[in-house]
Amino acid sequence: MLKVTLLAHTPQPERTVAAAAKLCYSPASIGDVLEGLTEEKTSAFVDMLTEIGHESPIEHASFTFGIEGVSRSLLAQITRHRIASFSVQSQRYVREGRFEFVLPPEIEAIPEAKEEYLRAMEEDQRHYERLTELLKQKHLDAFLAQGMEEKAARRSAEKKAIEDARFVLPNACTTKMIVTMNARSLQNFFAHRCCNRAQWEIRELAEQMLALCLEAAPALFRHAGPSCLNGPCPEGKMSCGRAAQVREKYRAMQEKAAPKPE
């Protein structure tokens, strides 16, 4: 099951961004650039950056997420967002014993399709285990013949075996990762992946990440979401045709996260 945790972020991310903006537009020195940045002035600086399209100061705030229960298929999509850092659990070093997998909702909704899918997962597991054992024995024999101590030989043989056995694992196989993006990259990520036309799994991930960002820095992500949130839909004839409903959904998320007056 997809789960996202906000592990860390720049302390006072909005104030950091506001300080960078202040330095750009005032004679402030580094020593006093943080002075006078009240909550109101910080929010005003962040809003100004959005209004004038000056996005580089936003890069000074970064957010680190722990992500689990997502498919290797999603991994191929998220790593296309290149201004980011990724650490992914390795199938070379971690054996997939009874691997977990993502079950697409459209397949789950059809009993016959679900049965076929689950059967395929079971077959993949059997092939993976059988290949691992065959390869492991071959490598173990070779390492022992070289004079390697048995315990070390077994450990090395398994590592080499799963390097190749993993090739039969499906895209559905789940993985875990830690991802760090700066706020500007995150806003770009949300613009593309919160869109109704994004693939369902990465859209769900983006929505969970956005909810966490809104909790941590509501002013900084006040306008974050799919592109149609702040203008016309850029998809043209490929539009989902539901821009009004999409805007309502994300406005509700923003309002929920907005600071409440005391």
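# Exercises on cores, rings and helix packing

The largest nonpolar core has 41 residues, and F63, I67, I78, F190, L220 and F221 have the most contacts inside it. Such a core is a set of buried Ala, Val, Leu, Ile, Met, Phe, Trp, Tyr and Cys residues joined through side-chain atoms within 4.5 Å. Buried means under 20% relative accessible area, exposed over 50%, partly exposed in between (1.4 Å probe, protein chains only).

This is a predicted model: local features need pLDDT of at least 70, side-chain atom pairs count only at pLDDT 80 or more, and totals for chains, interfaces and linings use all residues. Residues are numbered from 1 along each chain as its sequence is written, and side-chain values use heavy atoms, with hydrogens and water left out.

**Exercise 1.** Classify the ring pair of F63 and F221.

*Solution.* The whole structure holds five aromatic pairs. Rings of Phe, Tyr and Trp (its six-membered ring) pair if their centres lie within 6.5 Å; planes under 30 degrees apart count as stacked, over 60 as edge-to-face and the rest as tilted. The centres of the F63 and F221 rings are 5.4 Å apart and the planes stand at 75°, so the pair is edge-to-face. F63 has 0% relative accessibility, so F63 is buried. F221 also counts as buried, at 0%. Ring pairs join F63, F189, F190 and F221 into a cluster.

**Exercise 2.** Describe how helix 5 and helix 6 pack.

*Solution.* Take the angle first: about 140°, with the axes 7 Å apart. Axes are lines fitted to C-alpha atoms, for helices over the stretch in contact, and angles run from 0 to 180 degrees between N-to-C directions. Angles under 35 degrees count as roughly parallel, over 145 as roughly antiparallel, 65 to 115 as roughly perpendicular and the rest as oblique. Helix 5 and helix 6 are therefore oblique to each other.

Conventions:
Helices (H or I, at least four residues) and strands (E, at least two) are DSSP runs, numbered from the N terminus.
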